[in-house]
Amino acid sequence: MDSPSVMNVSALACSFSPAWEGSLEARLETWRDRGHRILAATVRRELAKENAAWAEALDEHALLDPLLVACTSQSPPAMALSQCTWGLLPPGLRAHALRVKAFEDGRVLLPGLGVFEAVAPEATVTVRMVEGDPRLDEYPEARVCPLPEVEGLSVYPHRHPFLRPFIERLGDHYACTRVSEATRHNGGALAEALRLLATT
């Protein structure tokens, strides 16, 4: 069999060469933004199956909330979508009162707002806005604590059901897992990782 000529090989190689126009950084930003739009559109479509008004009201930033992404990708979701979206919606579009459920560690998580603590484990309670702040009818003294942030991204520094499948893949020790200490001690590394992700 005859060997292909150098010219033919060069022509074949050129047909697969990427056309790099502009800087690498600009191309990566374009690629990242396109991925964000695809993910936001996917979450919006899944959310619309539950409530079309929520899906229309949330902007792209809210649609990319990590817990909302997790909720819409799980079946059934670990948190009711009504609870997951309530704090992400513009205040005028939130239900006047909403029944929400605490996790097994007594925390009531409201993505976009924060977390209530010291609630009875797995209790169902009612949240409503009172003078501009979220309050629980059953725990009137409780106040929502904002989630800590690293590099502008909210960090969920406690054990919650979204982590269970990942932790239990390594063994049945979900109940004794503590995330807050690890988050605190590794904040610098987490910030560096988030900076790297933001640029790539």
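Of the contacts in the chain with a separation of 6 or more, 48% are between residues 24 or more positions apart, a contact being a pair with heavy atoms within 4.5 Å. The model is predicted, so local features need pLDDT of at least 70 and side-chain atom pairs count only at pLDDT 80 or more, while totals for chains, interfaces and linings use all residues. Residues are numbered from 1 along each chain as its sequence is written, and side-chain values use heavy atoms, with hydrogens and water left out.

The chain contains nine helices and seven strands; these are DSSP runs numbered from the N terminus, helices being H or I with at least four residues and strands being E with at least two. Of the 200 residues in the chain, 32% are buried. Here buried means under 20% relative accessible area, exposed means over 50%, and partly exposed lies in between, with a 1.4 Å probe and protein chains only.

**Helix α5 and its surroundings**

Helix α5 spans residues 66-73, and its buried residues are Leu67, Leu68, Ala70, Cys71 and Thr72. The cover over these buried residues includes α2 (24-50), α4 (60-63), α6 (81-86) and β2 (108-110). At the start of α5, a side-chain oxygen of aspartate 65 comes to within 3.0 Å of the backbone nitrogen of leucine 67. This is a polar contact, defined as a pair of N or O atoms within 3.5 Å; within protein, one atom must be able to donate a hydrogen and the other to accept it, and residues adjacent in sequence count only if both atoms are side-chain atoms.

The packing of α2 on α5 has an angle of about 55°, with the axes 10 Å apart. Helix α2 is therefore oblique to α5. On the α2 side the contact is made by Leu39, Val43, Glu46 and Leu47, and on the α5 side by Leu68, Val69 and Thr72. The axes are lines fitted to C-alpha atoms, for helices over the stretch in contact, and angles run from 0 to 180 degrees between N-to-C directions. Angles under 35 degrees count as roughly parallel, over 145 as roughly antiparallel, 65 to 115 as roughly perpendicular, and the rest as oblique. The crossing of α2 past α5 is left-handed, the near helix being turned anticlockwise from the far one by less than a right angle.

Threonine 72, in helix α5, is buried, with a relative accessible area of 15%. Leaving aside residues up to four places away in sequence, threonine 72 touches Val43, Glu46, Leu47 and Leu81.

**Salt bridges**

Side chains of opposite charge can pair when their charged atoms come close. The structure holds seven salt bridges, each a side-chain nitrogen of Lys or Arg within 4 Å of a carboxyl oxygen of Asp or Glu.

| Pair | N to O distance |
|---|---|
| Arginine 32 and aspartate 33 | 3.5 Å |
| Arginine 99 and glutamate 138 | 3.1 Å |
| Arginine 128 and aspartate 137 | 2.7 Å |

The salt bridge between arginine 99 and glutamate 138 joins strand β1 (residues 97-101), which holds arginine 99, to the loop between β5 (133-136) and β6 (149-150), which holds glutamate 138, so the pair ties together parts that are 39 residues apart in sequence. Arginine 99 is partly exposed at 49% relative accessibility, and glutamate 138 is partly exposed at 37%.

For the pair of arginine 128 and aspartate 137, arginine 128 is partly exposed at 22% and aspartate 137 is partly exposed at 37%.

**Individual glutamates**

Glutamate 122 is not a glycine, yet has a positive phi of about 60°. Glutamate 122 lies in the loop between β3 (114-116) and β4 (124-130) and is partly exposed, with a relative accessible area of 47%. Glutamate 131, likewise not a glycine, has a positive phi of about 55°. Glutamate 131 is located in the loop between β4 and β5 and counts as exposed at 79% relative accessibility.

Glutamate 149 belongs to strand β6 and is exposed, with a relative accessible area of 55%. The C-alpha atoms of glutamate 149 and alanine 191 are 9.5 Å apart, although the two residues are separated by 42 residues along the chain.
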